[in-house]
Structure formats: C-alpha cells, structure tokens
Amino acid sequence: TTTDDKMAKRKKKRNQKKKGKNAKDRNDEEDATNVAQEEELESKKQPATASDAIKKLKAQEVSIGSATKVQMKRSESALSLSTKNSADDGSAPVINLLGGVNKKITGKEKDNKGGSKKGKKSKGKNKALGNDEAANLKAARHFNRSVRSCVERSDPDGMRDILRDKRNHHFALDSHVLETVMKAYVMAAMFEDALYCLRNCALPGTLSTIQTERILQCLPQNLRNSSAYTAADMINALCIATEFDQPTTRTYFMRIVRGIALEFLEEATSARDRICSAPCERLVRSASCVVDARLRRGKKPTDIVVDPGHQLGVFIPDTLENRGMQSGDAVSILPYAGPYPMSAESLDRNMIEATVTNAQPLVLRLQDKGNADLHQMLLEPVDGNVYRIDKLANRMGFNRQLSAAVAVCSPLPKDEDDVFVVDRRRPSPELMR
C-alpha cells in the first residue's frame, strides 16, 4: 500500500542519516588521533628544557673585528645620568658634581660658586637643599667651620660623625679645610676615613699640587692597623682631588707618587717589625739604635741632645763608618724598659718621630716642633725617664722624590693677564706619558 511505501522510505532515509553521522564521527576521531600522534612525534623531536635546546644548537664560530658594529640598548636610568642633547662630535658628556655637563671643575670655579670658597654639589636629587641660594651657602660655610673646629680640638669622633652624615654630602670642603683634614687623617694613619672624605666630601680639582705635596709629606712611620692597600686607594682619590692641566699629567703623577709612597710605607713597616722583633744588642751593634738615653735641651729651643747611657757592652767607634744615624735620618723616640724587643702595643701608643740634625753629638728635632708639652715631658729630669732611639725609614729620600714629581707635574703659573708663564727650567712635557 501507499502507507507502507511511505514508511519504508522514511526508514531508509533515517538509516542513511545514521550512516552519514557515524561516518562523520569516525572521520573526526581519526583526525583527532592523527593530530595527537603528530604532536607526540614533534615533542619527541624537540627538547623539553632550555638547556636541552642549547645543547641541540650547532656550534658556530663568531669573530668580532674592527668592522663589526655592536649596538646597546640604553635605558632611562642610563639616560638620566647625561643630558638629552649630546655633543656635536658624538662624544659622551662629562658628568660632574656641580650639575653641569662638559664643564671642568676647578678650585677657583668652586670658590666663585660657594662665595667663600665653599662648594656645593649638584641639586638634582638633593632634597635637603632648598631654592634659597643664600641659605645653602650659609649651610656650606657652617659645615666647613664645624669640620675645622673638630680638627683644631683633636676630636676625631666628632669629625667622623659630621663627615659621614648623609645630609652633609650635599656640600664640599674648601681647599684649606680639606688640606687640614687630610693632614690630620694621614698623620694618624686613618686612611679609610681619609678615603671616605675624599670620595664624599671633596670635588675634583680642589687641591693644588703644593697642597697635595704637604699632605703626602705627613705619611706616618707607623701604620698601626691600617693597610698599605688602603693608602694606595687614598692616594688615587687624592690625585683626583688635585688640579692638573691635563689628564695625562694626573695619570703620570698618580703612578709615580703611588710607587714612591708604597716604597716608603714598606720600608717603614720593615723598621717597625725590626724594633718589635730584634733584641736591642743586635740593633746597637748595627748602629741603628741607642738605648738607655737621656734627653736634654740643645742650643735651640727645638733641639734635643741625646746622652747615651750603658750600651749593653757593645763597642761603638767614634767614626761611625758603618753609616749609623746621620743627619737627615728619621728616628723614633720610645721609652726604654730593658734590652728586649718592643711590644707592638707599646710602640703604637708611645712612638714619637724626630729628625736627626747632627750626628756627633746626636741632636734631634721633633716632627711636631710646636708641641711644648711633649718637649717638657721628654726633658723632665727624673729617675727612670730614659728612652731608646731607633732608626726609621728614609723620609728625606721620599720627600725629595715627591718634590721632583710635583715640580714635573705642576701646572704652569699665570701672570696678571691670565696667561701661562713658560719656565725653561721645567722639563719637557713629553716626559709625562
């Protein structure tokens, strides 16, 4: 019948639809299976970690020559240290502590900036400095006066607190105050404090070569707990704080002065070790020590005459052909308690440096000539006030070498018209390389 035919057609269509849907599902499952297999194969081929990936890379030889160009990405932190407009020749701008660019810092420039020889550092990130220039200069002058007062009162703790205060790093020391501070630090062998002061409280080109020479002449014979390496760093910073006409001159001066200073400090350390380790009899026999000596006033107020006592049975000839102590030698004055080596603690606490002005009789002149109390203590005529005199490092040779380096590297003087005056006695500038 027609009804049965229609039912058969509908059933046939439903079966065809089911077959098509099942075929489509099978195709989708096969595609998904194929994709999963391909991903698994790729994961097997590729390394799982970065180290494996690096190991898989092939070795490649790379050579960088003069024609190779290397570019570096500049961040904002690097750009903030320089100006946006660079020089016309493409050179990098010079950064200084006054906030200017491509501007040489000199002592005179700092004096004009500070009014009364008080310099001031850059204003960029100094929140303590206000917009009132007069107030800033007043604070700088007060800072310099406070530091000078601490030096005159011999207050190292107070001076350390002032110089290490971060708020005072906005100001720079005047050339005369800086020279006074450095003399005190160097004479006391406080090289770390001197280095900190030069790096944080001084501007480049503040000192003259003559001032630097006077500072280095105060190098001590006794390093105490300081290190010669710290002294070398301090000399480097001191040369940066010294004004020179050319950078090559500063480099030459730094190399020469650092060498002779380290040689002097090494000789001073050897003399200290000899005093603390060798018995007095051996030192007396080598004519490098005088024991059981009494001191009396000489013809001049600053002269001290040495009267040797019992020299431990050692024969001392009058001619002193074995060199001994000669005029110009540096010696130490130490309390004499017996023919034994001196302890390091007693040497650090009691050593007094003097210079030999005459060999026979032995006449000394203290390095601190103006200390009247020290003279009175040494010359006091009481029982047991006896001393030993030991030979130290050759300070005269060091001073002569230092003076020669200063004469070679000092800038040429200027006349009234601000024109350099050529001195024909000076060496050729080609010597400084």
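Predicted model: local features only at pLDDT ≥ 70, side-chain atom pairs only at ≥ 80, totals over all residues.
Biologist: Let us begin with helix packing. What describes two packed helices?

Modeller: Two packed helices are described by the angle between their axes and the distance between those axes. Here, take H5 (133–152) and H6 (156–163). Their axes lie 8 Å apart, and the packing angle is about 155°.

Biologist: Are H5 and H6 roughly parallel or roughly antiparallel?

Modeller: Angles over 145 degrees count as roughly antiparallel. H5 and H6 are therefore roughly antiparallel to each other. Their crossing is left-handed.

Biologist: Which residues of H5 and H6 meet?

Modeller: From H5 come Phe143, Ser146, Val147, Cys150 and Val151. From H6 come Gly158, Met159, Ile162 and Leu163. The residues of this contact divide into 7 nonpolar, 2 polar and no charged.

Biologist: How should I read the spacing of such residues along a helix?

Modeller: An α-helix has 3.6 residues a turn, so residues three or four places apart point the same way. Keep that in mind when you look at Phe143, Ser146, Val147, Cys150 and Val151 in H5, which meet H6.

Biologist: Where does Ala139 lie, and how far is its C-alpha atom from that of Asn168?

Modeller: Ala139 is in H5. It counts as partly exposed, at 30% relative accessibility. The C-alpha atoms of Ala139 and Asn168 are separated by 9.1 Å, and the two residues are 29 residues apart along the chain.

Biologist: On to cysteines. What is a disulfide?

Modeller: A disulfide is a covalent bond between the sulfur atoms of two cysteines. The cut-off used here is a pair of sulfur atoms within 2.5 Å. By this rule the count is 0 disulfides. Take Cys289, which is in no disulfide: its nearest cysteine sulfur belongs to Cys280, 5.2 Å away. Cys289 is buried, with a relative accessible area of 2%.

Biologist: How far is the sulfur of Cys409 from the closest cysteine sulfur?

Modeller: That distance is 9.1 Å, to the sulfur of Cys239, too far for a bond. Cys409 counts as buried, at 1% relative accessibility.

Biologist: Next, the backbone. Which residue other than glycine has a positive phi near 55°?

Modeller: Ser154 does. It is found in the loop between H5 and H6. Ser154 is exposed, with a relative accessible area of 62%. Arg224 also has a positive phi, of about 55°, although it is not a glycine.

Biologist: Where does Arg224 lie? Is Arg224 buried or partly exposed?

Modeller: Arg224 lies in the loop between H9 (209–216) and H10 (228–240). At 39% relative accessibility, Arg224 counts as partly exposed.

Biologist: Last, peptide bonds. Which residues does a cis peptide bond join?

Modeller: Gln360 and Pro361, with omega about -5°. Pro361 is found in the loop between strand S6 (352–358) and strand S7 (363–366).

Notes: Residues numbered from 1 in each chain as written. Heavy atoms only, no water. Helix = DSSP H or I, 4+ residues; strand = E, 2+ residues; numbered from the N terminus. Buried < 20%, exposed > 50% of the residue type's maximum accessible area, 1.4 Å probe, protein only. Axes fitted to C-alpha atoms, helices over the stretch in contact; angles between N-to-C directions. Parallel < 35°, antiparallel > 145°, perpendicular 65-115°, else oblique. Left-handed = near helix turned anticlockwise from the far one by under 90°. Contact = heavy atoms within 4.5 Å. Nonpolar A, V, L, I, M, F, W, Y, C, P; charged D, E, K, R; others polar.
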